[in-house]
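User: I want to learn how to read a model like this one. Where should I begin?

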Amino acid sequence: MTAGLLQSAQDFVARLLDLGRTRFELFGTELREELAHLATTVLGGLAVLVLAALGLAFCGLALIFFVSEANRLAAAIGVAMFFFLAAGIVAWVLHRLADTKPRSFDATLSELQRDLTAIRQ
């Protein structure tokens, strides 16, 4: 009877270790996904800042250099509005991406919850 109990305990520990390995692999995958999402968000935020800065720079340049004196104000406003609109579109797209993404480590947390439920039964 003790040999059977020892074998049962060894099987339980082996299954527990295998389950833990699977969960850590899932955690690693989700961590890589989170890092990729963070990099995309940072790059998108930088794109918004660059486009807004370009809008301001072109507004000034258009005002000074590119149009006749009679049309300088209209051209400067048009160029600036184009870049501000581009920055707004990029910001809107990033906001939508952030809203549609599931919560961090959702798959790992749900798998751990399933494991806890299975152990309790």
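Analyst: Begin with confidence. pLDDT is the predictor's confidence in each residue, from 0 to 100. This is a predicted model, so that score comes before any geometry.

User: Where in the protein is confidence lowest, and where is it highest?

Analyst: Confidence is lowest in α3, at a mean of 74. It is highest in helix α2 (residues 72–100), at 85. For the protein, the mean pLDDT is 80, and 93% of the residues reach 70 or more.

User: How should I treat low scores?

Analyst: Where pLDDT is low, predicted coordinates should not be read in detail.

User: Next, the fold. How many helices and strands does the protein have?

Analyst: Count the elements, then read their order. The protein has three helices and zero strands. From the N terminus on, the order is α-α-α. The radius of gyration is 28 Å, well over the 14 Å that the globule rule gives for 121 residues, so the protein is more spread out than a compact globule.

User: What does the C-alpha trace span along its principal axes?

Analyst: It spans about 100 × 20 × 10 Å.

User: What share of the residues counts as buried?

Analyst: Burial is judged by relative accessible area, and buried means under 20%. Here 13% of the 121 residues count as buried. The accessible surface comes to about 9200 Å². Carbon and sulfur atoms hold 72% of that area.

User: Which residues form the nonpolar patch on the surface?

Analyst: The patch is made of Phe-24, Phe-27, Leu-31, Leu-35, Leu-38, Val-42, Leu-43, Leu-46 and Leu-49. Together they have about 920 Å² of accessible area.

User: What is the C-alpha separation of Arg-72 and Leu-61?

Analyst: Pair the sequence gap with the spatial one. Arg-72 and Leu-61 are eleven residues apart along the chain, and their C-alpha atoms are separated by 9.9 Å. Arg-72 has its place in helix α2. At 28% relative accessibility, Arg-72 counts as partly exposed.

User: Now α3. Where is Thr-117, and how far is it from Val-13?

Analyst: Thr-117 sits in helix α3 (residues 106–120). Its relative accessible area is 36%, so Thr-117 is partly exposed. Thr-117 and Val-13 are 104 residues apart in sequence and 18 Å apart in space, C-alpha to C-alpha.

User: How far is Gln-113 from Arg-96, C-alpha to C-alpha?

Analyst: The separation is 29 Å, for residues 17 apart along the chain. Gln-113 is found in helix α3, and at 45% relative accessible area Gln-113 is partly exposed. Keep the score in view here: α3 has the lowest confidence, at a mean of 74.

Methods. Residues numbered from 1 in each chain as written. Predicted model: local features only at pLDDT ≥ 70, side-chain atom pairs only at ≥ 80, totals over all residues. Heavy atoms only, no water. Patch = residues over 30% accessible without salt bridge, like charges linked within 9 Å, V, L, I, M, F, W, Y side chains within 5 Å. Areas by Shrake-Rupley, 256 points an atom, 1.4 Å probe, with all protein chains shown as cover. Salt bridge = Lys/Arg side-chain N within 4 Å of Asp/Glu carboxyl O. Helix = DSSP H or I, 4+ residues; strand = E, 2+ residues; numbered from the N terminus. Buried < 20%, exposed > 50% of the residue type's maximum accessible area, 1.4 Å probe, protein only. Rg over C-alpha atoms; globule rule 2.2 N^0.38 Å.
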